[in-house]
Amino acid sequence: MIIVSAGALVGLYKWAAQDLPDYKDITDYNPPLVTKVLTRDDQILGYFYREKRFLVSIDEMSPWLIKSFLAAEDSGFYEHEGVELLGIVRAAIHNLKAREIVQGGSTITQQVIKSLLLSPERSYTRKMKEAILAYRLENHLTKDEILTIYMNQIFLGAGAYGVEAAARDYFGKHAKDLTLAESALIASLPKAPSRLNPYRNPQGARHRQAYVLSRLRDLEWITQEEYATAMEESFELQRMPDPSWKHGPYYLEEVRRQLISMFGEDKVYEGGLVVYTGADIKHLDAAQSALRQGLIESTKRRGWQGPLDNIDDEDIELFLLGTVIDADEMNKGAWVQVLVTEVGQNKALVRFGGFKGEIDVSTMSWARTPDPSRAPEEVRAIGDARRVLKEGDVIWASLIEENDDEPGFWNLALEQEPFVEGAILSADPRTGEVLALAGGYDFHRSHFNRATQAKRQPGSAFKPFVYSVALENGYTPASIVLDAPIVYDDYETMTTWRPKNFEGVFHGPTLFRDALVKSRNLVTIRIAQRIGINTMVNRFSEFGIEEEFPRDLSISLGSVSMSLMDLCQAYSVFARDGSYIPLYLIDRVADSWGQELFKNQAEAVRAVSHENAYIITSLLQEVVRDGTGWRARVLGRPVAGKTGTTNDQNDAWYIGYSPYLITGVYIGFDQLTPMGKYETGARAASPIWVNYRLEVEEDYPVQDFVRPSGVTMARIDPATGLLAPSDSSESYFLPFLAGTEPSQRSARVDEPGRTRPAGTSEEDLLRQIF
């Protein structure tokens, strides 16, 4: 009988040992892990994952946590060799009594085998294979290594895999900081993680926690006093804040897209990558806030789009019940959806949740009937609330203040969400780091990133590149170019192109400086024509502009579509020394063990000379001092910039920079649609730029652009382009490439009492408006 039994056991072992997976695969433990995206100062920007698991070592776990798991799952872990025979016998007896498999009796080593190598089925065959593999694994890995794998692999409910994720999700802390009571609660979960989830079943979780604590006491791993203290400890369940998609969601999404392109989707969502970016939380929040405010102001200038809905009387209570208002969010400026209950000439009464309020007609002054052909200044302000609202309308309103005499009654202002979209991007030209990026009004409304994915015509914002090429081809800031009508006939298409200046005025002989500062279209076209379109196109590529340029003169006015990011990168040539560093979001990527997988090795690319870049920058500073970029003067710092507006005000741009920061703004409808009269780069885009920069400028010391030694300065007569007379009352102090400055002095004499006009009266009016 002994021989037969032994033979049967050997045969059973050989049968069970057939076709076993290689236990050595566990040695290279590589579970699905969370990918972390960090800002440039190592704050968490967001996570990507399929299983929420953070890999930690035994040393990064609370000792209470390790003891709690051992007490609950396998108190003899450090004594057995992977299989505990008494546990198997005990489980077998329970199973026989129940006439089904109700208990496993698995050690922690067996659970690791089951989780990583075998199927979850309950059968005696799988159990035998599990025991064989567990024994082999014990002879291949140390106990601490096996326990580390187990503690990181196990599912603990609430979407948490591993003890670190559970500590974050249940107690808002790291695994190393857990108390005895908290550790016991987490250790109670493996038996039934979904059923015992303390968020859903706090009573059941507490009951199981008490069992774990009693096991610790009975094993004498804790004292009676420690047991009693832990049993009495109360704690509040709380999740560690997840910053994902809360700061810079468009930036995070662009990082995600680039990572998938570099490493593939599985590596991004399961590889536990550590991604270092150039993002800055302060810049991200300031950029998104400025963009949202600018888009709201833009939509109001077009007038009232109408209510979100209009509901009947029988649906009012249902609406109010469905409008949940968190009292903690009732802050000044917060937006709420409200129901209009009564409208008079001077105000509208509204309800929202359990609150009431009124909207004064003064906050509706902008709510005219939309008419793109007329600017807000040309339309009378709304003075009767009945022209805008009616009972039953559901609208957006912002909180102004609560009535002191009537708690729960608020003064509000009429609001509306914009249909117009836009983008803002800000980068450090010295390094190429993109610090901030916002690609739309609301990421949850539209994931489309208008800073990187949208390509639109930049209009006059492209002109600096034309003038930069002109400096290389014989022009100087003092060159005189004719501003006069131009007509081009295309005999192939039988069309005629008659370009004109924005204000519709011709200025005759015009200084090169004025042509760029005042954004004269006709002068720009003449310069491009004289240099040659092929020469222009060939040089544009040196700025890193990779778009296909047709061979026609309209490209000099910015007719070729490009992304905001590409345009900002090209402008960084001027912000630097005539070279650019390709803009980037991702600086480097490491795996979960710290091994570097990618490092941005971008180097500076020479586009133009330092002298050329400085001269263009100097002229773009004049745009801020004396042109459409005037809003940027509020910074009180050296700033250069250029606005851009396309035909029919479809798109508006502003690109502005200082030596340490370049920022670009774009605004326009996703489908080409006029934004309305005077919705130019100066009016629609530059306020967004200014509001963002005002929030971040304090972090930088005042810094001016460094003039290279090859540039000389000369005072120029604007009428002749020659050196200004010493007694001239009107002149420009302009930069020149050494040796190209005028040598002849102007003989023009100022008339007594004559002052230089800023331009035509129509132009002055436009500048005041914008």
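**Helix crossing, open sheet and model confidence**

In the predicted model, helices α15 and α20 cross in a right-handed manner. The residues in contact are P464, Y467, S468 and L471 on the α15 side, and N612, I615, I616 and L620 on the α20 side. Classified by residue type, this contact comprises six nonpolar and two polar residues, with no charged residues. Helix α15 spans residues 463-471 and helix α20 residues 610-626; their axes come within 10 Å and cross at roughly 135 degrees. The two helices, α15 and α20, are therefore oblique to each other.

Five strands form an open sheet with mixed pairing, in the order β2-β1-β5-β19-β20. Strands of a sheet pair through backbone hydrogen bonds, in either a parallel or an antiparallel arrangement. Strand β1 (residues 35-38) pairs with β2 in the antiparallel sense over four bridges. The bridge partner of V37 in β2 is G46.

The average pLDDT of the protein is 90, and 90% of the residues score at least 70. The pLDDT is below 50 over residues 100-104, a stretch that has 15 contacts in the model beyond near neighbours in sequence. Residues 752-770 also have a pLDDT below 50, with 37 contacts beyond near neighbours in sequence.

Key
Residues numbered from 1 in each chain as written. Predicted model: local features only at pLDDT ≥ 70, side-chain atom pairs only at ≥ 80, totals over all residues. Heavy atoms only, no water. Pairing = 2+ DSSP bridges. pLDDT = per-residue confidence, 0-100. Contact = heavy atoms within 4.5 Å. Axes fitted to C-alpha atoms, helices over the stretch in contact; angles between N-to-C directions. Parallel < 35°, antiparallel > 145°, perpendicular 65-115°, else oblique. Left-handed = near helix turned anticlockwise from the far one by under 90°. Nonpolar A, V, L, I, M, F, W, Y, C, P; charged D, E, K, R; others polar.
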